[in-house]
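Student: Hi! Could you walk me through this one while I have it open?
Tutor: Happy to, let's bring it up.

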Amino acid sequence: MVEGLYYKRNEKIMSKMITISPVTRIEGHAKITIQLDDNNDVIDARFHVNEFRGFEKFTEGRLLWEMPGITSRICGICPASHLVTSAKAGDDILAVEIPETAEKLRRLLTLAQWLQSHALSFFHLSSPDFLLGFDSDPATRNVFGLIAADKEFTKRGIRLRKFGQEIIEILGGRRIHTPWTVPGGVREPLELAKRDQMLTWIPEARETVGLALDALKKIHKKYAKEIPEFGNFRTLLVGLVSKDGGLEYYDGLLRIKDGNDNTIADKIEPKKYFEHFGEAVEPWSYLKFPYYKPFDYPKGMYRVGPLARVNICDYIETPLAEAERKIFKSLSGNVNVVNNSFYYHYARCIEMLFAVEKIEMLLKDPAILGLTIRAQASINRLEGIGCTEAPRGVLFHHYHVNKDGVIQKANLLIATAQNNLAMNRTVRQIASYFIDGKKGKITEGILNRVEAGIRCYDPCLSCSTHALGQMPLHVELLSAGGEVLDEVRR
Amino acid sequence: MSVITFTIDGEQYSAKEGDTILQVARDNKIPIPTLCYLEGLSTFGACRLCVVEIEGSPKLFPACTTKPTESMVVRTSTDKLKKYRRMIVELLASEGNHQCAVCVVNGHCELQDLAYEVELDHVRFPYLFPKKSLDATHKDFVIDRNRCVLCTRCVRVCHEVEAAHVWDIAGRGIDCEIIADLNQPWGTSPSCTSCGKCVRVCPTGALFDKGAAVGEMQKESGFIKFIVNARNKHEWVRTAHEEE
């Protein structure tokens, strides 16, 4: 039992609980409960993920070479991230260094995945809150309402996502669930004409990200009073950085910083992740609670994803994104770390800018058109770990195989799960600020802000619990005896 | 040699003595779905997908093993036949563990093609999810019994063409399984020549090359007819159709 995060189950506290369920406009399915104490003050809030998929179990007995194709089915939003990470775990087991062209093509795919997922998060899922207002009518506070309000802006956002999807389709033959990346490399080289087709998108994409950044900066001003309550707390920040400390997405080494900009650990080989990170389990959620082992559970709370990545890197290799990173850092006050989860959105936009610039660099590199793309080998190790930065944060695939390449054990450490402790903390902070327990009611405004707080993390619960289904919102306000004082479903 | 004249779907055709209804239909481009049948191998009549109606009999007959007789009236595409063919594919789907989306032959699978052909939009029978084994002990190939439809093409090609007779069927009824030699790991089989013919003729993803990823395995079974012709008739000829 952990103080603060959980209310005491066996103790008779005359308190009340609020539940928000299901949470909308995130990927997956979840419920929120808000616990009140005797004085009707919020003492705890929990973000429950109530679905289960079991990929780690049912892939046992399958072949290593099938794993990228199978695990990419975990998610329809970021299948390419699972695909590439799984293939990297396969490279490790084959003990091969993949050809240069294959690595560049995989990098291109990973950035396209970032771009389409970030565009989806920003334009389709989060912009309705920003541009239409947190308290606008929920019936129209969605992408359709956004089209009605600002058709051009929305269209540009949808097209930006399309650009990412189109790269994935050109490389892999299909937008969703391409099986194009395999242990040892990739399956098809890139043709010149298709390379050129991708390049034609760059100017428009760069401009659209610029529009997103402009819009976001206006939002920062508009909600200047509310933003400090949107999950503003210090946690560890974890992500990959390149060997010389730059923003990284495909390879690199793990860096861990705290909320005061102290480097807790650096240059950790991703293959040693399990020495540094543990996974706790709570009976009320299928989403595990990863934590930094040396700090123990739950003090080892850490955040991954855009906010962590842009915070922990020393620089970004592309010029426009690097300029934005410096502005981003200026929001941090005197600690040089932006701790407020609301700025996930800003970090996400900076990463979109980086993705567009870096995609252009990769496409203009002659090596991207190489024809040597796949290393062939048999099983040379019985254990392999793949690690990349998925849109929502660092992703690990860890496989054990027998000498024939049959999976004996699989562990998938998913980005959203790693934000789980922080998401719970965010919900608690927002609930404490906005809920007046004496009224015993969940107002629309509270619902909207709690949802928006979760949406900062752009959680993908399908991935992280390996869960099925849609993502509606369900919030409950409960008393200590378990009495439901109020309940809202959307 | 006597010639038999009979009717398929209202048109008159002639057959040489010994021809099957399926051979005549194929020669005349009349589509009849098949699964276990493969030109060059003996006929087995296992899958029952090629069933046809013959006037005067309430029974359905497999076109691959039934020989026409003079003035026989055959129908290949009635509502009744469509219903039974669809049901056969449904039963195959429910009896195995066929996950097309993550299968090595996705997009190049004869069972998948059949499912489209019979318009299998859903399966009415409960899936059995049988516990089947995957054997990856061979250095080049894998057998995944989850995807096996027991067509016995592998058994026949190994026995009749390669003459190694590695494969057999063990068990009874719904528990039948393809086994190597005396039910041992394929990689330990002393009789297997690693020729790969069984892999090429397998209509599904049950037999495949080790290292193949999702949708990557493409089968080519036309070469069996070529080998058999070359061996029996000393004719080394590929028709334009086979070249395709």
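**Domains, chains and a helix pair**

Tutor: The domain assignment of chain B gives domain 1, residues 3–77, and domain 2, residues 101–243. Keep in mind that this is a predicted model.

Student: How far apart do the C-alpha centres of domain 1 and domain 2 of chain B lie?
Tutor: Those centres are 25 Å apart.

Student: And how many residues of each are in contact?
Tutor: On the domain 1 side of chain B there are 12 residues, and they meet 18 residues of domain 2 of chain B. The domain 1 side divides into nine nonpolar, two polar and one charged.

Student: Now the helices α14(A) and α15(A). At what angle do they pack?
Tutor: Helix α14 (residues 420–434) of chain A packs on helix α15 (residues 444–455) of chain A at about 155°, with axes 9 Å apart. Angles over 145 degrees count as roughly antiparallel, so α14(A) and α15(A) are roughly antiparallel to each other.

Student: Is the crossing left-handed or right-handed?
Tutor: The crossing of α14(A) and α15(A) is right-handed.

Student: Which residues make that contact?
Tutor: From α14(A), they include A:Met423, A:Val427, A:Ile430 and A:Phe434. From α15(A), A:Ile446, A:Arg449, A:Val450 and A:Ile454 are among them. By class, the contact of α14(A) with α15(A) has eight nonpolar, three polar and one charged residues.

How values were computed
Residues numbered from 1 in each chain as written. Chains lettered and ligands numbered in written order. Predicted model: local features only at pLDDT ≥ 70, side-chain atom pairs only at ≥ 80, totals over all residues. Domains from an automatic or database assignment. Contact = placed C-beta atoms within 7 Å. Nonpolar A, V, L, I, M, F, W, Y, C, P; charged D, E, K, R; others polar. Axes fitted to C-alpha atoms, helices over the stretch in contact; angles between N-to-C directions. Helix = DSSP H or I, 4+ residues; strand = E, 2+ residues; numbered from the N terminus. Parallel < 35°, antiparallel > 145°, perpendicular 65-115°, else oblique. Left-handed = near helix turned anticlockwise from the far one by under 90°.
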